[in-house]
Amino acid sequence: MSVLAAAASTGTSTSDTSPGTSTPVDLGPASALSCRECGERFPLAPAFACTSCFGPLEAAYDLPLGDPEGLRRRIEAGPPSIWRYAPLLPVPADVADKPNLAPGWTQLVKADRLAAELGVTGGLYVKDDSGNPTHSFKDRVVANAVEAARAFGFTTLSCSSTGNLAGAVGAAAARAGLRSCVFIPHDLEQGKVVMAAVYGGDVVGIEGTYDDVNRFCSELIGDPAGEGWGFVNVNLRPYYAEGSKTLAYEICEQLGWRLPDQLVVPIASGSQLTKIDKGLRELIATGLVEEKPYKIFGAQAAGCSPVSQAFKAGHEVVRPVRPDTIAKSLAIGNPADGPYVLDIARRTGGAVEDVSDPEIVDAIKLLARTEGIFAETAGGVTVGVTRKLIEAGALDPSLTTVVLNTGDGLKTLDAVAPTTGPTAIIRPNLDSFREAGLAS
Ligand SMILES: *Cc1c(COP(=O)(O)O)cnc(C)c1O
């Protein structure tokens, strides 16, 4: 059952009471949770799996239909953050007045020099989410999860993280005045560990992969040791995930309320990609953009490419892998939303592709050299995959294309440090400079 059909058929909203509070849950236009597999509806609650079929739950809305001009004016008059889209998110109407990081409204960079290098003639854009408060796209999803945590009365914010999420949760909890305790694989990049810890919350390194961390967190949720904890990407996942829709909203608004023809999106769990598709469909349903075909392409690192492998083999299920790549923020070997990503890539006429670690490093440098944007490894993955898809003829260079950069290169310095450094070290005199061969 389509989410939009479910949203449109929503009758009265069911109010739920949360653990520890007796006030009805106010999450704005979100009126229920609905199962992505069987369509069954449940009241808003900290839940993530359907009790009938165990399918994943997602937020269903009373979308503001019927007055696209009014909605557009309201959005355009809103704050320069994701909260301008509050009428389309599971957050209370006064969300912008609360203490939070107000992420989003990041630059959509017209990347003409990169376009020339890649042979793109139809307009190439980089949506640069390194500009968020903790320098990755994760601030968008966490900001939504914080509102759900408040609504359900949770006092500790937690997560299982490949790195960026831990920092985003730490910062958001600090601003909101909540305790945080986050879980990460113990061998992450220093930049990510420090960024998670600096905000003063607890950071726990787990001896294992992200998939082990995630399994551990699921256990903790069912145990008294984790009582009263909101895990942004587990028991708050339906609310958290909606934050990724704002990437779709912003891209279209920044293009002048227009859909792009092609988008290249990184895949870790696959949540972001599926929600960008949901966001685009909501923009069409509410009349904010004119309907036309668009293609969504997924990007993975070859060292963790279960979705890409399934796409190429024509499979409908994703076989888990053990990650081994420098793109650690995308290193999820058993991606929860993998099958939905396959559906979307096939339905829209896109594809899923992967690039090797050396190609990722090359692409990071290409983007930096042509556009002055220093991406983390995930941005190297999307730019590298874009190049590969163009060369293979899968991505049409004559169409408007948006490539996502979801994180900041300063967090993954190790990826480029071995091949990037000073051109020369000289003595402080002109002779020495001339000897270095850099004089004009
Ligand atoms: C988490 C993350 C993603 C995407 O994650 P999904 O689980 O697929 O939603 C992309 N880029 C970066 C940098 C991330 O940290």
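Helices, of at least four residues (H or I), and strands, of at least two (E), are DSSP runs, and both are numbered from the N terminus. The model in every view is predicted.

View 1. The space that the ligand takes is the largest cavity of the model.

**View 2. Helix α9, enclosed.** Helix α9 spans residues 245-254. Nine of its 10 residues are buried, so the rest of the structure largely encloses this helix. The cut-off for buried is a relative accessible area under 20%. The buried residues are Lys-245, Thr-246, Leu-247, Ala-248, Tyr-249, Glu-250, Ile-251, Cys-252 and Glu-253. After α9 comes Gly-256, with a positive phi near 85°.

View 3. Tyr-249 is one of the buried residues of α9. Its side chain is joined to that of Glu-282 by a polar contact of 2.4 Å. Glu-282 has its place in helix α10, residues 271-285. With a relative accessible area of 1%, Glu-282 is buried, because that value is under 20%. Asn-334 is 52 residues from Glu-282 in sequence. In space, the two are 28 Å apart, C-alpha to C-alpha.

**View 4. Glu-242 and Lys-278.** Glu-242 sits in helix α8, which covers residues 237-242. Its relative accessible area is 0%, and Glu-242 is therefore buried. The side chains of Glu-242 and Lys-278 make a polar contact of 2.9 Å.

**View 5. Asp-129 and its two side-chain partners.** Asp-129 belongs to the loop between strand β5 (124-128) and helix α4 (138-152). At 1% relative accessibility, Asp-129 counts as buried. Its side chain makes a polar contact with the side chain of Arg-140 at 2.7 Å. A polar contact of 3.3 Å links the side chain of Asp-129 to that of Asn-132.

**View 6. His-135, a positive phi between β5 and α4.** His-135 is placed in the loop between β5 and α4. Its phi is positive, near 65°, and His-135 is not a glycine. At 32% relative accessibility, His-135 counts as partly exposed. Partly exposed is the class between buried (under 20%) and exposed (over 50%), so a value of 32% falls within it.

**View 7. Trp-105, a positive phi between α2 and β4.** Trp-105 lies in the loop between helix α2 (68-76) and strand β4 (108-110). Although Trp-105 is not a glycine, its phi is positive, at about 50°. Relative accessibility is 28% for Trp-105, which therefore counts as partly exposed.

**View 8. Pro-46 and Phe-154.** The loop between strands β2 (41-42) and β3 (57-61) holds Pro-46. At 26% relative accessibility, Pro-46 counts as partly exposed. Pro-46 and Phe-154 are separated by 108 residues in sequence. Their C-alpha atoms are 9.8 Å apart in space.

**View 9. Pro-266 and Val-385.** Pro-266 is part of strand β10, residues 262-266. With 5% relative accessibility, Pro-266 counts as buried. Val-385 is 119 residues away from Pro-266 along the chain. A distance of 9.3 Å separates the C-alpha atoms of this pair.

Note on methods: Residues numbered from 1 in each chain as written. Predicted model: local features only at pLDDT ≥ 70, side-chain atom pairs only at ≥ 80, totals over all residues. Heavy atoms only, no water. 1 Å grid on protein atoms, 1.4 Å probe; cavity = no way out; pocket = protein on both sides within 12 Å on 5 of 7 lines; lining within 4 Å. Sits in = over half its atoms within 2 Å of the grid points. Buried < 20%, exposed > 50% of the residue type's maximum accessible area, 1.4 Å probe, protein only. Polar contact = N/O pair within 3.5 Å; in protein donor to acceptor, adjacent residues only side chain to side chain.
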